[in-house]
Structure formats: C-alpha cells, structure tokens
Amino acid sequence: MNNKFLNALLKTQHLKNSLYAILKHNFLYHSNKIEGSTFTTEALALLLDKNVVTGRHTLDDVQETVNSSYVFDTIIETLGTKITHKFLKNLHSSLMFNTTLHSKGFAGIYKTIPNMIIGTNAKVSQPFEVEPKLDELLEWYYNLDNITIDNIAEFHYRFELIHPFQDGNGRIGRFLMLKQMLENNLPLVIVSWDTEDLYRNSLNLCSIGNYSSLSTYLKSLTDFREDYKEFWC
C-alpha cells in the first residue's frame, strides 16, 4: 500500500473539502452516473456535504446515492480485509437498502433469477453457478504474488461475467476495483461516465483468457493520486 497516500486519506475522512471528500465525490459521481443516476456533480456535493437533495430524481436514485456513500466508507474502512461471500453480500445489502430491489427481497443475496448484461452477447453465470465461480475467482486472486492492473482487469471482467447479484453488479464491481487498487499501491483510476462507451466496449471485447482491452482502457485513465498530489505529498 502507498502508506503516505492512505494515511492522508484516512486522516481526512471526516473533513470537508479534503482528499477523502474529493475522492469520494469523484468516484461516486462517475460510478453512479454510469448506472443512470441523474445527480449532477453539484447536487451530489450538496447531498454528501449537507444532506440536502436538489433536482428531480427517482426515489431509488436518491436512496442508492445515499447508500453508495456508506458503501464507499466501508470500502476504505475495510482495506486489507479479504473479499468473501459475506463481504460481497454486505456491500450489496448496504447499496440496495430501502430500494425497490430491497423491497423485493433481492438485496444482500446472490441472484435467484437468471439475468444478463443488456446490450451485450455475454453469457453470464446461472444462479446455481455463482458461488462456485466466485470461489474460483477469489482463490485465483488471493494466490497471486504481485497484483497488477492486468490482474484487476481480469478480476473485474470475470466478476461482471458471473454477475452475482440481481442488480447492482457494475457498481459493486467498481467498488472492488477501488479497494484492489488502494490495497496494492496501483494507479488509482476512476471509471468515468464520459468514457462509459470505451469502458463498456472494452468489457465487450474481453473474453476468458483475453482481458487486454479492459486493461488498456484502465491504463489510459488518469491516476487520481497524481491529479491531487498537493493534498497528500
């Protein structure tokens, strides 16, 4: 881990307009907008800073945006903790709390109904395949000696291909990428909504054993640590 960066991040967790607040805002704005959130960057800042909602949004959008703030905090507070089935389900339960998905009984559990990634021809795992395929993915990941961006690209694609939850897989997957980059002192890149097409296309071009398109996309993004070096160096 980059101790200096992480120390600065953790020390500023409860401070406004700080390194922590900037990373949180940037990450949540882009990750949520990719999934259709209508919060502008200004409206999100007001929600995170003042607990005030402005603009026209669905109830689910408001709730999921609030929830994603708590999930972000959980990711940072559990750095160094291994990803397990319990960890994944807790993240999903927090993200979907009090949403329509929660009211239907799908929050915090693996999918029980076959789903798909709309707009792709990807064949995602069936519900009965989720746990064994996640076991295989996590065993592979935690047996790596030196984790690289290439490894994280592979993990992300394989996780999305498993598509373990009824909904919310993209956001959970990007939260896991954030965790992995911070834990392994790697460039801290944020999948941005303005490069969403490139992101989705890179995923579509991947296949089991070939993750170069996603890896290339991630390496093309700006390192957050470099952009905000004055906040921690």
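Does Val191 count as buried or exposed? Val191 counts as buried, because its relative accessibility is 6% and the cut-off for buried is under 20%. This residue is found in the loop between H9 and H10. A loop position and a buried side chain thus go together here.

The model is predicted. Val191 can also be placed against Phe155: the two are 36 residues apart in sequence. In space, their C-alpha atoms are 15 Å apart.

**Overall fold**

The chain has 12 helices and 0 strands. Read along the sequence, the pattern is α-α-α-α-α-α-α-α-α-α-α-α. The radius of gyration is 17 Å, close to the 17 Å that the globule rule gives for 233 residues, so the chain is as compact as a globular protein of that length.

The C-alpha trace spans about 45 × 40 × 30 Å along its principal axes. How many of the 233 residues count as buried? The share is 52%.

Glu64 lies in helix H4 (residues 59–77) and Arg171 in helix H9 (residues 169–183), so the pair ties together parts that are 107 residues apart in sequence.

Arg200 forms a salt bridge with Glu196. Here the closest N and O atoms are 2.9 Å apart. Both residues sit in helix H10 (residues 196–205), and because they are 4 residues apart, about one helical turn separates them. Arg200 counts as partly exposed, at 32% relative accessibility. Glu196 also counts as partly exposed, at 21%.

Lys229 and Glu226 make another pair, with their side chains meeting at 2.9 Å, N to O. Lys229 is partly exposed, with a relative accessible area of 35%. Glu226 counts as partly exposed too, at 45% relative accessibility.

Which residues form the negative surface patch? They are Glu131, Asp135, Glu136 and Glu139. Glu136 has its place in helix H7, which covers residues 130–142. Glu136 is partly exposed, with a relative accessible area of 49%.

**Two asparagines with positive phi**

Most residues other than glycine have a negative phi. Asn51 has a positive one, near 60°. Asn51 lies in the loop between helix H3 (41–50) and H4. At 69% relative accessibility, Asn51 counts as exposed.

Asn185 also has a positive phi, near 50°. Where is Asn185 found? It is in the loop between H9 and H10. Val191 is found in the loop between H9 and H10 as well. Asn185 counts as partly exposed, at 38% relative accessibility, whereas Val191 counts as buried.

**Two further positions**

His25 has its place in helix H2 (residues 19–34). His25 is buried, with a relative accessible area of 13%. Thr41 is 16 residues away from His25 in sequence. The C-alpha atoms of His25 and Thr41 are 7.9 Å apart in space.

Ile117 is in the loop between helix H6 (100–103) and H7. Is this isoleucine, Ile117, buried or partly exposed? Ile117 is partly exposed, with a relative accessible area of 21%. Ile117 and Lys219 are 102 residues apart in sequence. From C-alpha to C-alpha, Ile117 and Lys219 are 24 Å apart in space.

Key. Residues are numbered from 1 along each chain as its sequence is written. This is a predicted model: local features need pLDDT of at least 70, side-chain atom pairs count only at pLDDT 80 or more; totals for chains, interfaces and linings use all residues. Side-chain values use heavy atoms; hydrogens and water are left out. Patches are made of residues with over 30% relative accessible area and no salt bridge: like charges are joined within 9 Å, nonpolar side chains (Val, Leu, Ile, Met, Phe, Trp, Tyr) within 5 Å. Accessible areas come from the Shrake-Rupley method with a 1.4 Å probe; for residues, only the protein chains shown count as cover. A salt bridge is a side-chain nitrogen of Lys or Arg within 4 Å of a carboxyl oxygen of Asp or Glu. Lys and Arg count as positive and Asp and Glu as negative; His and the chain ends are not counted. The place of a charge is taken as NZ of Lys, CZ of Arg, CG of Asp or CD of Glu. Buried means under 20% relative accessible area, exposed over 50%, partly exposed in between (1.4 Å probe, protein chains only). The radius of gyration is taken over C-alpha atoms; the globule rule is 2.2 Å times the number of residues to the power 0.38.
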